[in-house]
Amino acid sequence: MPVTSSPVPPILPPATLGMLGGGQLGRFFVSAAHELGYKVWVLDPDAHSPAGLIADRHLVAAFDDLAALDEMSAACAAVTTEFENVPAATLDYLAKFVPVHPSAAAVAVCQNRVAEKTFLAEHGLPHGPFAVIRSEDDVREAPVDLFPAVLKIARFGYDGKGQARVANREEALHAFHGFNGEVCVLEKMLTLDCEVSVVLARDESGSVQTFDPAENRHRNGILDVTIAPASIGSVLAERAREAARRIAEELGYVGTLGVEFFVCDGELYVNEMAPRPHNSGHHTIDACVTSQYEQQVRAVCGLPLGEPRAHSTAVMVNLLGELWYEGGDGDGAYREPDWSVLHAVPNLRLHLYAKHHARPGRKMGHFTVVADDVAKALGVALAARSAIGIRGDAQ
Ligand code: ADP
Ligand code: MG
């Protein structure tokens with residue numbers, strides 16, 4: 001008789017799942033898991049973390065606290081993450097006792113820009129020109145046609161933090177000193193037609209479901225508006241899905257993965273990967289048959305992946321901390337925004353993360369407008385964005 005490996009039985013409710021990280025992505029995962037009948041324990045050092053507040057148990061501890069990790073692995077049937085900077089050693093440690101998805105190896109690639117770019121280059125995936133910067137000499141020897149460029153620290157950057165735009169070698173040296181000589185990548189500054197992202201889910205048997213590519217507009221390096229679907233044409237959209245799928249396969253990825261792309265002269269370049277649900281996938285809660293968070297639950301538990309089809313077009317707008325200050329630029333008096341303005345808009349759904357203090361640039365919530373075409377959704381969303389007091393154009 002041929003030997004067939006028997007499939008691992010799915011993890012079913014009322015099992016408990018573990019979530020490393022307590023931010024908004026974790027909070028939506030907790031909601032999706034609760035909806036399906038699971039319990040969730042969250043590990044996060046912040047006693048007020050958005051996911052911790054609604055978890056069945058919140059372990060308030062550091063990510064390398066072995067006693068907390070032991071408690072989590074004893075209670076949980078599987079563990080996942082919402083935060084790419086969870087130490088790979090934490091994932092490796094937990095994996096000795098409990099299934100962990102995505103794996104430490106996959107997260108390690110996504111949490112370090114040098115490993116990430118090397119991975120893309122080795123697998124023939126399209127990416128922009130770059131150089132690895134470990135020393136001043138590396139800056140001096142970087143190809144001249146990389147400039148103007150962006151210098152980015154290899155680890156722990158997010159929302160445009162840990163990045164400097166540099167016109168020339170001199171400025172790059174200055175910025176490298178400013179980052180205290182940390183390992184960096186120097187990327188050629190590309191002229192972008194637009195930015196898009198693909199969120200997908202992959203399960204242990206290798207099945208993949210991709211959401212439609214979404215278009216992302218940033219302000220000050222932070223995602224401002226996501227438009228779904230992106231208006232990039234079906235050929236480019238298919239290539240973006242295919243590249244994201246290949247990345248997931250080459251990483252042996254299990255869970256929800258976000259892949260960011262630049263579109264430049266009609267060509268796609270992978271910008272970066274996020275080993276977790278992605279901000280540009282928030283709209284899937286309100287506009288798709290299955291959300292990116294439910295897909296994460298399904299992938300981690302070994303359930304069949306859900307249908308990612310969008311039943312509406314959607315536009316998502318991030319609500320950043322400066323909105324909590326009179327005048328909307330972070331200088332005025334602290335007060336709660338007037339939510340009645342948003343409650344009154346038809347087809348708008350507001351999501352607030354219950355963070356205890358708003359800082360300028362901090363992601364505090366978002367809203368999604370659904371409609372039967374993108375132009376309508378965008379018109380309503382941008383009007384609501386300005387009515388609630390968000391300043392500046394969505395670029
Ligand atoms: P993170 O999202 O981790 O802060 P990114 O590398 O995605 O870092 O950079 C944030 C944003 O800055 C991008 O979405 C893009 O708008 C802009 N950006 C980053 N790198 C480049 C580049 N090489 N060329 C043009 N724009 C860039
Ligand atoms: Mg990014």
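Predicted model: local features only at pLDDT ≥ 70, side-chain atom pairs only at ≥ 80, totals over all residues.
Local features need pLDDT of at least 70 and side-chain atom pairs count only at pLDDT 80 or more, while totals for chains, interfaces and linings use all residues. Side-chain values use heavy atoms, with hydrogens and water left out; residues are numbered from 1 along each chain as its sequence is written, and chains are lettered from A and ligands numbered from 1 in the order in which they are written.

Start with the magnesium ion (ligand 2). Its protein donors (N, O and S atoms within 2.8 Å of the metal, or 3.2 Å for Na, K and Ca; water is not among the atoms, so sites may look incomplete) are E260 (OE), E260 (OE) and E272 (OE), at 1.9 to 2.7 Å. E260 counts as buried because its relative accessibility is 15%, whereas E272 is partly exposed at 21% (buried is under 20% relative accessible area, exposed over 50%, partly exposed in between, with a 1.4 Å probe and protein chains only).

E272 turns up again around ligand 1: 20 residues surround this ligand (a heavy atom within 4 Å), and the closest are K152, G160, E195, N271 and E272. Polar contacts (N or O pairs within 3.5 Å) include one from an oxygen atom of ligand 1 to the side chain of K152, at 2.6 Å. For the side chain of E195, an oxygen atom of ligand 1 sits 2.5 Å away.

How values were computed
Polar contact = N/O pair within 3.5 Å; in protein donor to acceptor, adjacent residues only side chain to side chain.
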